[in-house]
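Visitor: I'd like to learn how to read a structure like this one. Could you walk me through it?

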Amino acid sequence: MGTNATGQRNQSWVDFAGVMLAIAGFFQMIFGAAVLSDSTFLINKILYGNMESWGWAYLITGLALLATAWFVFQRNKYAEVFGVVVAVISLFINASVIAYQPIWSAIVVIVDVLIIYGLVAHGDIRGMADRD
């Protein structure tokens, strides 16, 4: 990565996406643990009646988001691609429950969109072969 102003701006967006991945992962894990500990947490209004499976989905997505954040900070050459994939999965999971948790889901969807933007528009996905 270059030392010019544009390179610094690009890396700042990638760092921002890494921080957002970590924050989103932490909250997804907390929410997953809450759903697993109390299956009536969402009052079973979701179309998919098994709340335990939703809890595991949130928990696993949170772990994947946290792991991806760590790899983004380590400048792993595949972390940006995996970060986009995990953010899209998180986006779909939260969009599917937006009718039952409108504020929380909308916030997480916006954070996921910012993560995707930071990694795709300002990351080095196209130059991955040139990295060490």
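Guide: Happy to. Let's begin with a term: a residue counts as buried when its relative accessible area is under 20%, as exposed when that is over 50%, and as partly exposed in between. One thing to keep in mind is that this is a predicted model. Now take S90, in helix α3. S90 has a relative accessibility of 0%, so it counts as buried.

Visitor: Which residues is S90 in contact with, leaving aside its neighbours within four places in sequence?

Guide: For contacts, look for heavy atoms within 4.5 Å. S90 has Q28, T61, L65, V108 and D112 as its contacts once those neighbours are set aside.

Visitor: T61 is on that list. Is T61 buried or exposed?

Guide: Use the cut-off again. T61 sits in helix α2, and its relative accessibility is 7%, so T61 counts as buried. Not counting residues up to four places away in sequence, T61 touches Q28, V86, I89, S90 and I93. Look at I89 in particular: T61 and I89 are 28 residues apart in sequence, yet their C-alpha atoms are 7.6 Å apart in space.

Visitor: Let me zoom out. How many helices and strands does the chain have?

Guide: Four helices and zero strands. Reading from the N terminus, the order is α-α-α-α. Of the 132 residues in the chain, 40% are buried.

Visitor: How do I read a nonpolar core, and which residues of the largest one touch the most other members?

Guide: Think of a core as buried nonpolar residues joined through side-chain atoms within 4.5 Å. The largest one here has 19 residues, and those touching the most other members are L21, L65, V72, V111, I115, I116 and L119. At least two residues of this core come from each of α1, α2 (51-73), α3 (79-95) and α4 (102-121). There's also a second, separate core of seven residues, F31, W54, Y58 and I93 among them.

Visitor: Where does F26 lie, and why does it count as partly exposed?

Guide: F26 lies in helix α1. Its relative accessible area is 44%, so F26 falls in the partly exposed class.

Visitor: How many aromatic pairs are there in the whole structure, and how do I read one?

Guide: A search finds seven aromatic pairs. To read one, check the distance between ring centres and the angle between the planes; over 60 degrees counts as edge-to-face. The rings of F26 and F27 have centres 5.5 Å apart and planes at 70°, so this pair is edge-to-face. F27 is partly exposed, at 39% relative accessibility. F27 also forms an edge-to-face pair with W104, at 5.9 Å centre to centre and 75° between the planes. Because F27 is in helix α1 and W104 in helix α4, that pair ties together parts 77 residues apart in sequence. W104 has a relative accessibility of 30% and counts as partly exposed. Elsewhere in the model, W13, F16 and Y117 are linked into a cluster by ring pairs.

Key:
Residues numbered from 1 in each chain as written. Predicted model: local features only at pLDDT ≥ 70, side-chain atom pairs only at ≥ 80, totals over all residues. Heavy atoms only, no water. Buried < 20%, exposed > 50% of the residue type's maximum accessible area, 1.4 Å probe, protein only. Phe/Tyr/Trp six-rings, centres within 6.5 Å; stacked < 30°, edge-to-face > 60°.
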